[in-house]
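Colleague: Can you take me through this model? I'd like to start with the charged pairs and then move to the strands.

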Amino acid sequence: MATRRPWMRMLRPLRNNSKNKTAQPPRRWSIVKGDTVEIINGPEQGKRGKVLRKVMDRGTLLVEGVRMVRRMVPPTKENPDGGMYQFETPVHVSSVSLIDPIDNKPTKVRFEKDENGKRAIRISKRSGKEIEKPKWVRDDLPDREKYQEMPWDTRAQPFAEQTYTPTVLSFDEEVIKACCPSVQLNSSAAATAAKVSSN
């Protein structure tokens, strides 16, 4: 007699029986957190908002003020009242577009190297101007200017002290000299070090 094992469903491979292929995440992301984007298709076409979060695995974004839904939140310790709240739901990255900095319209993006040839920058295909990335700010860390040092923080003074004097000896020769000062090193580096120390 077969028994029901619901937990075995997680181990089965997912079956995609639909004829239409599901939307895949892009190979290269041109949108970063903090960008202002515009919805280019769907019922909310034309709306603009700030990117709050990227879900890399699914290729979706959370855009501020776009695809809002109302949900009932039960009371918790953090929110004892509970109630109805509005949330943003994910939007696929193919449904949004960056905004051109010149004519303020949706545009596609290409990547080019900067003047030094090291960093890839985003270039608008409409005007050919660079679309600058927003300043990256970590939400989980406090502002460094307002941070107060605590007793467990490492001070800057130990880093300013010089505790190592470089020499022309190799690492092995330095270890031998530190452990056994009586041992004479017969090498050109040791002779050069002795000459430098005598001067």
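Modeller: The side chains of E149 and R155 form a salt bridge, with N to O at 2.6 Å. A salt bridge here is a side-chain nitrogen of Lys or Arg within 4 Å of a carboxyl oxygen of Asp or Glu. This is a predicted model, where local features need pLDDT of at least 70, side-chain atom pairs count only at pLDDT 80 or more, and totals for chains, interfaces and linings use all residues. Residues are numbered from 1 along each chain as its sequence is written, and side-chain values use heavy atoms, with hydrogens and water left out.

Colleague: Is E149 buried or exposed?

Modeller: E149 counts as exposed at 56% relative accessibility, and R155 as partly exposed at 39%. Buried means under 20% relative accessible area, exposed over 50%, and partly exposed in between (1.4 Å probe, protein chains only).

Colleague: How many salt bridges does the structure hold?

Modeller: The structure holds 6. One of them joins D103 to R126, with the closest N and O atoms 2.8 Å apart. That pair links distant parts of the chain, 23 residues apart: D103 lies in the loop between β7 and β8, and R126 in the loop between β10 (120–124) and β11 (130–131). D103 is partly exposed at 31% relative accessible area, as is R126 at 45%.

Colleague: Which residue does R110 form a salt bridge with?

Modeller: With E112, the closest N and O atoms being 2.8 Å apart. R110 is partly exposed at 34%, and E112 is partly exposed at 35%.

Colleague: On to the strands. What order does the open sheet have?

Modeller: β6-β3-β2-β1-β7-β8, 6 strands with antiparallel pairing. β6 (91–92) and β8 stand at the edges with a single partner strand each, so one side of each has no neighbour in the sheet. Strands are DSSP runs of E, at least two residues, numbered from the N terminus, and two strands pair if DSSP finds at least two bridges between them.

Colleague: How is β6 joined to β3?

Modeller: By 2 bridges, antiparallel, with β3 covering residues 60–63. L61 stands opposite V91 in β6.

Colleague: And what about β7?

Modeller: 3 bridges join β7 (residues 96–99) to β1 (residues 36–39), also antiparallel, and I39 stands opposite V96. β7 also pairs with β8 (residues 106–107) over 2 bridges, where L98 stands opposite T107.

Colleague: Which residue takes a positive phi in the hairpin of β7 and β8?

Modeller: N104, near 60°, and the hairpin has 6 residues between the strands.

Technical notes
Helices (H or I, at least four residues) and strands (E, at least two) are DSSP runs, numbered from the N terminus.
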